[in-house]
Amino acid sequence: MGIKKLLFVVLLAVFMVGIAFADDAGEEQPTVTLVFQEDDLIMVLSEITLQTGINIIVDDSVGGAVTVDLEDVPVEYALDVILKPKDIYYKKFDGYYFVCLADPRATGFRRISETEVVTLNNLRTDELLNLIPEYYKKFLNVDATSNRVTITAPQEIISDFRKILRDIDTPKKQVKVSVVVVEIAKELIKERSPLSFSLELPQNISGIDWNGMKLQWGSDPFKISASVYNWLMLNMKVLEANNLAKMHSDPNIMLLDGETANIFVGETKTIITGETGTTNSVNVGVSINVKAKIFPNFIELFLNPDVSHFTENTSESITIYRSVASSTIRVSPGETVVLAGLTLKKETDNVSGVPLLNKIPLLRFLFSGKNNSSSERELMIFVTPYIQGM
């Protein structure tokens with residue numbers, strides 16, 4: 001008998017659970033039939049109340065005309081069709097619906113809204129505001145310090161915003177930028193126009209691949225392939241060994257897509273000025289601001305080279321010459337951009353004379369002399385971007 005009673009209790013429990021699920025499954029929304037042509041929205045909502053017996057409370061931000069033709073549809077489907085095109089949302093409470101315009105300025109906006117906090121993983125808040133559709137900005141409060149955003153809106157709008165965020169808040173690709181700076185003897189450069197010149201190398205230097213060696217270009221900057229770049233660097237090293245060129249260090253920097261970085265190739269000199277012996281540090285060399293933007297088929301480079309050098313002389317004043325340029329160019333990953341046409345000029349004053357006698361007033365002009373010499377070198381800057389992971 002004990003087993004029969006236990007089996008009866010189990011069957012009864014299963015039966016009651018089944019009834020409960022059946023009640024839940026059988027609970028359906030009331031249906032409505034609506035046929036209106038450019039009629040007042042408030043009147044249409046009142047008609048829904050009359051047909052369903054469900055109260056609909058309307059915020060004073062709600063208004064306008066409605067054209068609708070629905071037959072025997074669930075009440076919430078009807079509300080979606082009528083309200084969503086007007087950016088009006090509803091929220092169901094115990095026994096009634098509250099309807100309000102999706103606008104933070106509306107009196108009842110907080111009653112249809114929820115608030116969520118979003119921490120940006122890869123974007124800055126200013127980047128987010130530039131990328132998202134204008135519609136969502138009115139629902140956002142941003143904090144640049146914590147890189148967080150709060151969104152206060154109906155849940156459906158929050159869900160749409162999070163979908164957009166998943167697409168744009170992704171890790172940025174990194175770009176590796178390699179720079180080689182080469183000084184070439186001016187006598188090797190045959191100028192034809194400010195933007196067109198060729199490199200003519202002396203025939204008596206061994207170790208150079210002379211097959212098609214004359215390098216010509218007609219725009220500044222210009223682009224060369226990886227194979228041409230490697231060939232050119234090899235021959236530049238031969239020129240360097242013959243004191244006809246000087247290759248500076250090959251710095252590499254990593255920067256994020258769309259970010260700007262600076263590369264400096266040169267030296268810092270300390271200058272003592274004034275009777276007090278005040279010291280100042282001055283950077284001389286090549287400074288390049290680089291910005292890289294990755295596109296599906298190319299990399300867009302924004303290059304801003306700033307070349308500076310001292311003129312060496314015996315006067316008390318020191319002059320620094322500067323050459324500044326700015327270029328935007330599109331290249332494939334691994335392709336090299338060459339900037340040319342920047343000149344380094346070196347001037348030297350050499351004073352010679354008979355020791356002691358060249359210091360005596362009046363006689364020093366007879367026993368001393370001054371020679372001025374100058375030399376020029378053409379500067380070529382090779383910039384090669386690579387996308388990390390490719």
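## Salt bridges

In this predicted model, Lys172 and Glu127 form a salt bridge with their closest N and O atoms 2.6 Å apart. A salt bridge here is a side-chain nitrogen of Lys or Arg within 4 Å of a carboxyl oxygen of Asp or Glu. The two residues belong to distant parts of the chain, 45 residues apart: Lys172 sits in the loop between α7 and β9 (174-185), and Glu127 in helix α5 (residues 125-131). Helices (H or I, at least four residues) and strands (E, at least two) are DSSP runs, numbered from the N terminus.

Lys172 counts as partly exposed because its relative accessibility is 24%, whereas Glu127, at 14%, counts as buried. The cut-offs are under 20% relative accessible area for buried and over 50% for exposed, with partly exposed in between (1.4 Å probe, protein chains only). Both residues also belong to a network of salt bridges that links Arg124, Asp126, Glu127, Lys172 and Glu259.

By the same rule the model has twelve salt bridges. Among them is the pair Glu116 and Arg162, whose side chains meet at 2.9 Å, N to O. Glu116 lies in strand β6 (residues 114-119) and Arg162 in helix α7 (residues 155-168), so this pair ties together parts that are 46 residues apart in sequence. A further salt bridge joins the side chains of Glu134 and Lys137 at 3.1 Å, N to O. Glu134 and Lys137 are separated by about one helical turn because they are three residues apart in helix α6 (residues 134-137).

The accessibility of the residues in these two pairs is as follows.

| Residue | Relative accessibility | Class |
|---|---|---|
| Glu116 | 22% | partly exposed |
| Arg162 | 30% | partly exposed |
| Glu134 | 59% | exposed |
| Lys137 | 27% | partly exposed |

Three strands form an open sheet in the order β2-β5-β4, with mixed pairing. Two strands pair if DSSP finds at least two bridges between them. At the edges are β2 (55-58) and β4 (88-93); each has a single partner strand, so one side of each is left without a neighbour in the sheet. From one strand to the next, the twist averages 25 degrees. Strand β5 (residues 96-101) runs antiparallel to β4, and six bridges join them. Lys91 has Phe98 in β5 as its bridge partner.

Helix α2 (residues 41-52) packs on the sheet and touches β2 and β4, its direction making about 160 degrees with that of β2. Helix α3 (residues 75-83) also packs on the sheet; it touches β2, β4 and β5, and its direction makes about 155 degrees with that of β4. Axes are lines fitted to C-alpha atoms, for helices over the stretch in contact, and angles run from 0 to 180 degrees between N-to-C directions. Contact means heavy atoms within 4.5 Å.

## Confidence and conventions

The mean pLDDT (the predictor's confidence in each residue, from 0 to 100) is 77 for the protein, and 71% of its residues reach 70 or more. Over residues 192-197 the pLDDT stays under 50, and the model has 18 contacts beyond four places in sequence for them. Residues 216-220 also have pLDDT below 50, with 16 contacts in the model beyond near neighbours in sequence. Where pLDDT is low, the predicted coordinates should not be read in detail.

Residues are numbered from 1 along each chain as its sequence is written, and side-chain values use heavy atoms, leaving out hydrogens and water. Local features need pLDDT of at least 70 and side-chain atom pairs count only at pLDDT 80 or more, while totals for chains, interfaces and linings use all residues.
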